[in-house]
Amino acid sequence: MLEQKEIAYENTVLVGIVTQGQDADTLEDYLDELQFLAYTAGGEVKRRFTQRMERPNPKTFIGTGKMETLMEYVKENDISTVIFDDELTPAQQNNIEKLLRCKILDRTGLILDIFAQRAKTSYARTQVELAQYEYLLPRLTGLWTHLERQRGGIGMRGPGETEIETDRRIVRDRIALLKKKLQTIDKQMAVQRGNRGALVRVVLVGYTNVGKSTLMNVISKSNVFAENKLFATLDTTVRKVVIGNLPFLLSDTVGFIRKLPTQLVESFKSTLDEVREADLLLHVVDISHPNFEEHIESVNAILDEIHCADKPTLMVFNKIDAYTHEIIADDDLTTERTNKHNTLAEWQRTWMARANGDAIFISALNKENLEEFRKVVYEKVREIHITRFPYNHFLYPSYEENQE
Ligand code: GDP
Ligand code: MG
C-alpha cells in the first residue's frame with residue numbers, strides 16, 4: 001500500500017454557503033466532512049470560505065465580492081484546487097474555472113475521485129468509470145486543458161487521463177458500453193451469489209469510516225483493508241463465518257455518505273445488490289462521531305432508495321471506547337440539556353427502545369462486548385436459518401449450548 005505521507009499534498013480551499021435550509025453549524029459539519037474527503041484524496045485544506053446567501057449565484061455560486069477575495073487568495077497562496085460543498089451546475093463550474101484558473105471540484109466530483117483512487121477490482125473500476133462519465137457528460141464544455149490533465153492529482157484520476165474527449169457522442173458510446181459490460185458482470189455475480197446456496201447472508205452497512213471493515217476482520221479473521229480515511233474499501237468482500245457450528249456469509253460493503261448523488265447510487269447498483277439480497281443487515285454506527293444520528297438517517301435514506309428499509313436490521317453502535325459526552329456542572333443552571341450530554345447508558349436505553357431491542361454497543365478495535373455481539377448475531381442468523389430449514393432446529397441449539 002502506498003503511504004499517504006509520501007504524497008505531496010495539494011493546497012486546497014473549501015467553499016460553502018449558509019442558506020435557509022443550511023445553517024452555520026450544519027455548514028461547519030459539512031465542511032469538516034469535506035475536509036476529511038479532501039484529505040483522503042490528497043488535499044491539504046488551507047482555508048474555508050463561507051458566505052450567507054438567499055440562494056446560490058447562478059453564474060458563480062458565491063457572490064461577486066466573495067469571488068474576488070477568493071481569486072486573490074488562490075493566486076497568492078499557490079492553491080491548486082478549490083472544492084465546493086454543493087453540486088455546481090456545469091455553467092457555474094465553467095465560469096468559476098475561468099476566474100480562478102485552477103481545478104474546481106464539487107463534492108460529487110471529489111467523491112468520484114476518491115472512488116477512482118480506491119477501486120481495486122475491474123468490477124469496481126467499471127462502476128466508478130460509469131459514474132464518472134455520467135457526471136462528466138453535462139460538463140464536457142468546461143474541461144481543463146490537456147496539459148493540466150496530464151499533471152494528475154486530485155480530480156484528475158479516471159476517464160480522460162490520457163486524452164480529453166470533448167465529443168459527447170464518444171462519451172455516450174462509452175457509457176453504453178460500460179453499462180453493457182456491467183450487465184455481463186452483474187449476471188456472473190448473480191450466478192455467484194446463487195451458488196452460495198442456502199447460507200444465511202449477513203451484510204455490513206453503514207456510513208463511511210464507522211468501522212465496518214474492522215468489524216469484518218475481527219469477526220471473520222479476514223484481512224480487509226481498514227483505514228481512517230473515507231471510502232477506504234470500495235469492493236465488496238464476502239467471507240464465510242462460523243459461530244458455534246452455525247455457518248453464514250458476511251459481506252463488507254462500500255460505505256454511504258450524505259449528499260450521495262442518485263446517479264452514483266445507480267452506478268453502484270450491483271454492489272448494492274449484495275445489500276438487496278441480504279437476509280440480515282448489520283447497520284454499523286460510529287457512536288463517537290458527533291453527528292452519528294444524522295449518519296444513521298443518511299444510511300436509512302439510501303436503504304430506502306434501494307428498497308431495503310424493511311429488512312431485518314441489527315443496529316451496531318461501534319467505537320464505544322471513543323465515546324465522550326459533555327457534562328453540565330452542578331451549579332450551571334443555564335446550559336440546556338441536549339443529546340450531547342447523553343451518557344453511553346442513556347444512548348443504550350434510547351436505542352434499545354427505538355430499535356425494539358435490536359441494538360448492541362461494541363468496540364471492534366478494543367474487542368469490547370464482542371462476545372455479546374457474536375451471541376446476538378448467532379441468535380438472529382439461527383432464527384432465519386430455522387425458518388427456512390425447520391429440520392435444522394436440532395443442529396443449532398441456543399448460543400450457550402452451542403458453545404459447549
Ligand atoms: P469502514 O469505512 O466503515 O470500513 O471503517 P474502517 O473499518 O476502515 O475503520 C475506520 C477507522 O475507524 C479506522 O481507523 C479504524 O481503526 C477505526 N475504528 C474501527 N473500529 C473502532 C473502534 O471500535 N474504536 C475506535 N476508536 N476506532 C475504531
Ligand atoms: Mg471499509
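Predicted model: local features only at pLDDT ≥ 70, side-chain atom pairs only at ≥ 80, totals over all residues.
Start with the helices. Two packed helices are described by the angle between their axes and the distance between the axes. Helix 1 covers residues 24–41, and its axis comes within 9 Å of the axis of helix 4, with a crossing angle of roughly 35 degrees. This crossing is left-handed. On the helix 1 side, the residues in contact are Tyr-30, Glu-33, Leu-34, Leu-37, Ala-38, Thr-40 and Ala-41. They meet Arg-107, Leu-110, Ile-111, Asp-113, Ile-114, Gln-117 and Arg-118 of helix 4. Sorted by class, this contact has eight nonpolar, two polar and four charged residues.

Helix 4 (residues 107–118) also meets helix 5 (residues 122–136); here the axes come within 10 Å and cross at roughly 155 degrees. An angle over 145 degrees counts as roughly antiparallel, and helix 4 and helix 5 are therefore roughly antiparallel to each other. The crossing of helix 4 with helix 5 is left-handed. Helix 4 contributes Thr-108, Gly-109, Leu-112, Phe-115 and Ala-116, while helix 5 contributes Val-128, Ala-131, Gln-132 and Tyr-135. The residues of this contact are six nonpolar and three polar, with no charged residue.

Next come the aromatic side chains, which form nine aromatic pairs in the structure. One of them is the stacked pair of Tyr-9 and Tyr-39, with 5.6 Å from centre to centre and 5 degrees between the planes. The pair joins distant parts of the chain, since Tyr-9 sits in the segment before strand 1 (10–18) and Tyr-39 in helix 1, 30 residues apart. Tyr-9 is partly exposed at 24% relative accessibility, and Tyr-39 is partly exposed with a relative accessible area of 35%.

Phe-292 and Phe-317 form another pair: the ring centres are 6.2 Å apart and the planes stand at 85 degrees, so the pair is edge-to-face. Phe-292 belongs to helix 11 (residues 292–305) and Phe-317 to strand 9 (residues 313–318), so the pair ties together parts that are 25 residues apart in sequence. Both Phe-292 and Phe-317 are buried. Ring pairs also link these two residues with Trp-347, Trp-351 and Phe-361 into a cluster.

Last, consider Ala-355, in the loop between helix 12 (344–354) and strand 10 (359–361). The relative accessible area of Ala-355 is 17%; buried means under 20%, so Ala-355 is buried. Ala-355 is 42 residues from Thr-313 in sequence, and their C-alpha atoms are 8.7 Å apart in space.

How values were computed. Residues numbered from 1 in each chain as written. Chains lettered and ligands numbered in written order. Heavy atoms only, no water. Axes fitted to C-alpha atoms, helices over the stretch in contact; angles between N-to-C directions. Helix = DSSP H or I, 4+ residues; strand = E, 2+ residues; numbered from the N terminus. Parallel < 35°, antiparallel > 145°, perpendicular 65-115°, else oblique. Left-handed = near helix turned anticlockwise from the far one by under 90°. Contact = heavy atoms within 4.5 Å. Nonpolar A, V, L, I, M, F, W, Y, C, P; charged D, E, K, R; others polar. Buried < 20%, exposed > 50% of the residue type's maximum accessible area, 1.4 Å probe, protein only. Phe/Tyr/Trp six-rings, centres within 6.5 Å; stacked < 30°, edge-to-face > 60°.
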